[in-house]
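Student: I have a model open and want to learn how to read it. Can we go feature by feature?

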Amino acid sequence: MKQVRRWQRIMILSLLCVSVFAPMVLFPSALKMLTSAGRKEFIEDLASTKYKSDSLRLNAIEQETGKGLKEPKLVVFKERDFDSVVSHRSVENNDSEQSENTGEAVNLLERNETNHERKEDKILQITNSVQKEKSNQKAVRHNQNVQNQSQRVTDGRVKLMRDQVIRAKAYLAFTPPGSNSHFVKQLRTRIKEVERAVGEATRDSDLPRSALQKMRSMEVLLSKASHIFPDCSAMATKLRAMTNNAEEQIRAEKSQESFLLQLAGRTTPKGFHCLSMQLTSEYFSLQPEERQFPNQQKLHDPNLYHYAVFSDNVLACAVVVNSTVSFAMAPEKIVFHVVTDSVNLPAISMWFLLNPPGKATIQVKNVNNFEWLSSKYNSTMEQKAHYPRYTSLLNHLRFYMPEVFPALNKIVFLDDDVVVQKDLSKLWSLDMKGKVNGAVETCQKSEASFQPMDMLINFSDPFVAKRFDVNACTWAFGMNLFDLKEWRRQNLTSLYQKYLKLGLKRPLWKVGSLPLGWVTFYNQTVSLDKKWHALGLGYESGVRQPDIEGAAVIHYNGIMKPWLDIAVPEYKGYWSKHMKFEHPYLQQCNIHE
């Protein structure tokens, strides 16, 4: 029995030996291939792990250009960290594939090798996993660096691609006229591709995914062009010519923009014409007694608050009147004197007949009915007929206030492009200090409304230099308090007419009412607090919102009037809120906010 068991043990051990050593004897070549491949992949894995942190530099010029290039090397794309991260990820993918293959080979060997070999394989696997964890941490740090760099430089590619287009067009200009070579075709194609890729982009995030490849291709082609056209002086001359041409185009565009802006500022919107026609038609359908305004007995009462508005704009007058009455503490004491021309008299009259200003009194007068004014002014201004905006009778009517309102002692003059935001009754209690004109000064250099005397007056003329100080403080029209009694006493209207005639004979000052106002009321103006009158809403002046909201009167001086499409959007709302856009006539004429 014991002998049988001994033979059984011998047979089992023999079979075990055969199963272990038979593959080694029968398939020695296959085993060598597995062991060598595993070791080779393991060594490559360690090498790739060791050098993962090395970034791969991308330089299209070095890849394509030949030897002997004298120009400095141009870096196409500086986001090196991005490329290094991409390369690290690809290396990691290869590492994972290699580790899988190695793992399969090790598993096969583990079945046949000793326990000692198994322990060595486990140690190697642990070492490999540690190395991969370190490489992953480095890749994460590189990715963070790329994100930080992309946040700092958000338009680097856009600027570089635009510069590439400029350089390419400069090289294209060196080619002979009518040239149709392969290089010229390729250069034109690249220019179109880059321009199409850039488009209207302002940041790198706006670029398409293909922009980077097109940028690299363009840089390669520009490097070739630098070999074909190596003359740097000719290149500099061409770029200088292109710069001068671009500057000329910019000046021409700015000049055209200024012209179109001036044209838009002088043009009356179509809806305003429609409104005037409807109001005029309605006015002439009334009986004469229906055209009269109430409370006309107040027109000559010097104890009331009188306001003068000279305008041919229906809605502009409406906003001035509505805003003044809405903030008045005693609207029943307010009297408006609106003076317009014969063409717009029916429309303005009809508007206020349909929309009376509450308890206030209103009068609409025709400037053409002032026969004494036509004889004095029109004969003088015949020489300047080509400046209708600045030489119109309504524009210069402000210098004839004592004659227009002979029964009044004080009056507040308001331009038709102002909006009243507070009660103005305190103006009549101000001390004029024996002066004629009360106005807000515009002589502070730190303010947007700054206007020096020599801006509109020619101090190179001896007549001007002798009588006026170039450093005298200027002031603004738009909201002025006039002491008509003192005006009559000093006979300033005659002084104005004298200066008006002198200015027509030689260029003493620019055309318009403001320079004539400065010289006529020279040393006759008392300064008002800045809060009475805020200027600069008719152009991009940058006036602050607290200054606007704290002012009693805001003035849209400039060509960007609030009723035009070119108005400054952030300022337009102060004017629009006083206009009744739901009025049927405004709706019919398509006049909206």
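This is a predicted model: local features need pLDDT of at least 70, side-chain atom pairs count only at pLDDT 80 or more; totals for chains, interfaces and linings use all residues.

Student: Where do E248 and R251 lie?

Tutor: Both are in helix α9, residues 232-266. They sit 3 residues apart, about one turn of the helix. In general, an α-helix has 3.6 residues a turn, so residues three or four places apart point the same way.

Student: Which other pair lies about one turn apart in a helix?

Tutor: R489 and E486, 3 residues apart in helix α18, residues 484-490. Their side chains form a salt bridge at 2.4 Å, N to O. The two ends have their own labels here. R489 is exposed at 60% relative accessibility. E486 is buried at 15%.

Student: What does a salt bridge between loops look like here?

Tutor: Look at D417 and K561, whose side chains meet at 2.5 Å, N to O. D417 lies in the loop between β4 (410-414) and β5 (418-420). K561 lies in the loop between β9 (553-555) and α22 (569-576). The pair therefore ties together parts that are 144 residues apart in sequence.

Student: Are D417 and K561 buried or exposed?

Tutor: D417 is buried, because its relative accessibility is 6% and the cut-off is under 20%. K561 is buried as well, at 14%.

Student: How many salt bridges does the whole structure hold?

Tutor: A search finds 11.

Student: Next, the interior. How do I read a nonpolar core?

Tutor: Look for buried nonpolar residues joined through their side chains. The largest core here has 70 residues. Those with the most contacts inside it are L275, Y307, L315, L414, I554 and W575. Helix α11, residues 314-326, gives the most to this core, with 9 residues.

Student: What does L315 touch?

Tutor: Leaving out residues up to four places away in sequence, L315 touches F272, L275, W351, W575, M579, L586 and I591. There is also a second, separate core of 43 residues. It includes L373, F463, F468 and L500.

Student: How do I read a helix that is mostly covered?

Tutor: For helix α20, residues 513-520, that is 8 of 8. Among them are L514, L516, W518 and V519. The cover includes α15 (393-396) and α19 (492-505).

Student: And nonpolar residues on the surface?

Tutor: Check I12, L13 and L16. They form a nonpolar surface patch, with about 300 Å² of accessible area together. L16 is found in helix α1, residues 2-26. At 48% relative accessibility, L16 counts as partly exposed.

Student: Now zoom out. What makes up the chain as a whole?

Tutor: The chain has 23 helices and 9 strands. Of its 593 residues, 41% are buried. It exposes about 33,900 Å², and carbon and sulfur atoms supply 53% of that area.

How values were computed: Residues are numbered from 1 along each chain as its sequence is written. Side-chain values use heavy atoms; hydrogens and water are left out. Patches are made of residues with over 30% relative accessible area and no salt bridge: like charges are joined within 9 Å, nonpolar side chains (Val, Leu, Ile, Met, Phe, Trp, Tyr) within 5 Å. Accessible areas come from the Shrake-Rupley method with a 1.4 Å probe; for residues, only the protein chains shown count as cover. A salt bridge is a side-chain nitrogen of Lys or Arg within 4 Å of a carboxyl oxygen of Asp or Glu. Helices (H or I, at least four residues) and strands (E, at least two) are DSSP runs, numbered from the N terminus. Buried means under 20% relative accessible area, exposed over 50%, partly exposed in between (1.4 Å probe, protein chains only). Contact means heavy atoms within 4.5 Å. A nonpolar core is a set of buried Ala, Val, Leu, Ile, Met, Phe, Trp, Tyr and Cys residues joined through side-chain atoms within 4.5 Å.
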